[in-house]
Amino acid sequence: MASQQSVRILIVEDNVFTAKLLTIQLSEYGYISHTASSAEAALDLLEKNTYTLILCDLYLPEMSGLSFLNHIRKDILYADIPFLIMSSDNTESTIVRLLQAGADDYITKPIQTKVFVSKIQNLLAKQTAKKRSISQKLERQLTENETTFLVCSEKDTDLFFTKFSQNTS
């Protein structure tokens with residue numbers, strides 16, 4: 001898994017106290033986090049920064065956490081970012097609806113720190129495993145499909161072949 005210092009978490013929470021508390025908790029575990037008080041502000045931050053995980057409140061002003069999740073999942077640039085929804089609403093129908101909409105996990109408020117951090121670590125481990133699997137598949141495909149290129153030098157007309165292969169060690 002990536003070092004915790006390279007993990008950047010976007011917290012989307014309209015309650016200033018909760019956002020600050022989450023930031024402190026995450027920093028105690030070595031994570032870097034940025035906060036946005038609305039989905040619109042979060043979209044602005046996403047355009048300017050790269051995030052490893054999004055932690056989002058369900059009930060936000062203007063655009064709900066569910067609408068924000070739907071927006072993220074439709075955007076190819078952000079669709080693969082793990083998305084953790086948090087809310088005091090712990091009804092089964094709400095949780096199921098969010099998971100079916102593409103949330104990677106759900107945590108209820110008040111947040112229990114150890115459960116919270118465990119969920120984040122689990123999502124990050126899954127993301128790392130997914131990236132590793134994709135990388136290995138690409139490496140196998142490149143190895144199976146090595147290509148020979150014809151390279152011409154401008155100074156002379158000698159032709160020579162250079163074999164390129166991907167080395168991803």
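A: Glu13 is buried, because its relative accessibility is 3% (buried means under 20% relative accessible area, exposed over 50%, and partly exposed in between, with a 1.4 Å probe and protein chains only). Before we follow its partners, please note that this is a predicted model, in which local features need pLDDT of at least 70, side-chain atom pairs count only at pLDDT 80 or more, and totals for chains, interfaces and linings use all residues. Residues are numbered from 1 along each chain as its sequence is written, and side-chain values use heavy atoms, with hydrogens and water left out.

Which residue does the side chain of Glu13 meet in a salt bridge? The partner is Lys109, at 2.7 Å from N to O (a salt bridge is a side-chain nitrogen of Lys or Arg within 4 Å of a carboxyl oxygen of Asp or Glu). Glu13 sits in the loop between strand S1 (8–12) and helix H1 (16–28), while Lys109 sits in the loop between strand S5 (105–108) and H5, so the pair ties together parts that are 96 residues apart in sequence. Helices (H or I, at least four residues) and strands (E, at least two) are DSSP runs, numbered from the N terminus. Lys109 counts as partly exposed because its relative accessibility is 23%. Asp57 joins in as well: Glu13, Asp57 and Lys109 are linked in a network of salt bridges.

The whole structure holds five salt bridges. One of them pairs Asp104 with Arg73, whose closest N and O atoms are 2.7 Å apart. Asp104 is in the loop between helix H4 (92–101) and S5, and Arg73 is in helix H3 (residues 65–74), so this pair links distant parts of the chain, 31 residues apart. Asp104 is partly exposed, with a relative accessible area of 38%, and Arg73 is also partly exposed, at 22%.

Another salt bridge joins Lys119 to Asp105, with 3.1 Å between the closest N and O atoms. Here the link runs from Lys119 in helix H5 to Asp105 in strand S5, 14 residues apart. Asp105 is buried, because its relative accessible area is 16%.

Helix H5 (residues 113–144) also holds Gln127. Gln127 counts as buried because its relative accessibility is 14%. Setting aside neighbours within four places in sequence, Gln127 is in contact with Asp80 and Pro82 (contact means heavy atoms within 4.5 Å).
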